[in-house]
Amino acid sequence: MKKTEAKKVSWVRDSAYSIGLYATILLGQFYIIIKNILPATPIYIGPVYLPLLVEVILLLLLIAAGVLTFKQHRNRETTDELAVLHQYKAGYITKYICMFVAAIVILLVKDFTLILRENDVIGNVLSIIVISICFTELIHNIVFIILEKK
């Protein structure tokens with residue numbers, strides 16, 4: 001039997017899918033942060049506790065992001081040298097944008113005791129790591145699409 005080769009995915013389409021996925025994860029993380037800041041009131045939809053449902057959906061989205069990234073990188077068109085060059089340029093531009101944003105966030109916040117005051121310090125730190133990764137990937141994919149369409 002012949003193995004059928006998977007359909008090749010274009011670099012721009014891959015970036016567009018990633019933008020949607022990372023934006024959804026980012027919004028979910030912001031929801032969790034706001035939920036932790038506000039006083040706890042149990043919210044149920046039928047027998048399901050809503051914050052738990054949102055966190056399970058976010059976990060599934062994180063797993064989907066990993067699987068989607070792996071599959072799309074494996075199935076990308078490899079002959080597009082201009083897209084490879086644009087990926088490298090987008091990486092450099094993203095690095096400087098993220099360094100600038102991180103400096104502004106540190107200057108504006110100045111007080112990170114909210115992370116340490118809550119009972120879930122590890123969850124808060126992991127949430128910040130996920131937010132920073134999603135933000136970086138989101139900016140990288142947006143810059144890549146802009147460079148590719150220019």
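Tyr49 counts as partly exposed because its relative accessibility is 33%, where buried means under 20% relative accessible area, exposed over 50% and partly exposed in between, computed with a 1.4 Å probe and protein chains only. The model is predicted, and local features need pLDDT of at least 70, side-chain atom pairs count only at pLDDT 80 or more, and totals for chains, interfaces and linings use all residues. Residues are numbered from 1 along each chain as its sequence is written, and side-chain values use heavy atoms, with hydrogens and water left out.

| Residue | Relative accessibility | Class |
|---|---|---|
| Tyr44 | 52% | exposed |
| Tyr49 | 33% | partly exposed |

Tyr44 is found in strand β1 (residues 44-45); strands (E, at least two residues) and helices (H or I, at least four) are DSSP runs, numbered from the N terminus. The count of aromatic pairs comes to one, where rings of Phe, Tyr and Trp (its six-membered ring) pair if their centres lie within 6.5 Å, and planes under 30 degrees apart count as stacked, over 60 as edge-to-face and the rest as tilted. The rings of Tyr44 and Tyr49 have centres 5.3 Å apart and planes at 50°, so this pair is tilted.

Turning to helix α1 (residues 11-37), its 27 residues should span 39 Å at 1.5 Å a residue, and this agrees with its end C-alpha atoms, which are 39 Å apart; the expected span is 1.5 Å times one less than the number of residues. Among the buried residues of α1 are Trp11, Leu21, Ile25 and Ile32.
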